[in-house]
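Here is a short briefing to read alongside the model.

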Amino acid sequence: MRFQHTTTYDAPAAEVFAMLTDPTWREKVGIAQGVVSSTVTVTPDGPDGTGSRVVIDQVQNTAGLPAIAKKIAGDTTRAIVTEVWSSPSTGTIEIVAPGKPTKATGTVSLESDGITTRHVTDLEVTVKVPIVGGKLENLMADNIRKGLEIEQAVGVAWLEGGR
């Protein structure tokens, strides 16, 4: 299933990109999302070195998920989010849960008018489970949306100086 989410920040694209590639900010997002544990790695990337590779390897609690999802995921699940920014304005994203039949892949971009910046996440979410896969894709997309909403709240505070 296709999933798209747009977050708007009252800051120039350069500031938003710096935030998105700051390991400290990513750790704060994980704490706000209630992850069990998180390791964040950021390295330079891109053809001219202006991009970044951001890898977030986290363990998430599955409390509150429907029984069918918990049967597949367990009490906790590991998620690895990899964003490869080929430039400060565009990149790819992949979300995988090792050993689980779930995956989300797509693009991330920053669109700015100089005053505000839109962070657009466009994903194809897939759960390869017979019969209930579509329902689980909707659930996965909803969890991604909730995570991005928390990310936005942390981002707004960060950009306002709440570091």
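In this predicted model, strand β5 and strand β6 (residues 102-112) pair in the antiparallel sense over 7 bridges. Strands here are DSSP runs of E with at least two residues, helices are runs of H or I with at least four, both numbered from the N terminus, and two strands pair if DSSP finds at least two bridges between them.

**Around β5**
- Thr-90 stands opposite Ser-109 in β6.
- The hairpin of β5 and β6 has 5 residues between the strands, and Gly-99 there takes a positive phi near 80°.
- On its other pairing, β5 joins strand β4 (residues 76-87), again in the antiparallel sense over 7 bridges, and that hairpin runs through 2 residues.
- Glu-83 has Ile-93 in β5 as its bridge partner.

**Faces of β5**
- In a regular strand the side chains alternate between the two faces of the sheet.
- Buried means under 20% relative accessible area (1.4 Å probe, protein chains only).

**The whole protein**
- The protein has 4 helices and 7 strands, in the order β-α-α-β-β-α-β-β-β-β-α from the N terminus.
- Buried residues make up 40% of the 163 residues.
- The C-alpha atoms fill a box of roughly 45 × 30 × 25 Å along the principal axes.

**Reading notes**
- Residues are numbered from 1 along each chain as its sequence is written, and side-chain values use heavy atoms, leaving out hydrogens and water.
- Local features need pLDDT of at least 70 and side-chain atom pairs count only at pLDDT 80 or more, while totals for chains, interfaces and linings use all residues.

Key. Buried means under 20% relative accessible area, exposed over 50%, partly exposed in between (1.4 Å probe, protein chains only).
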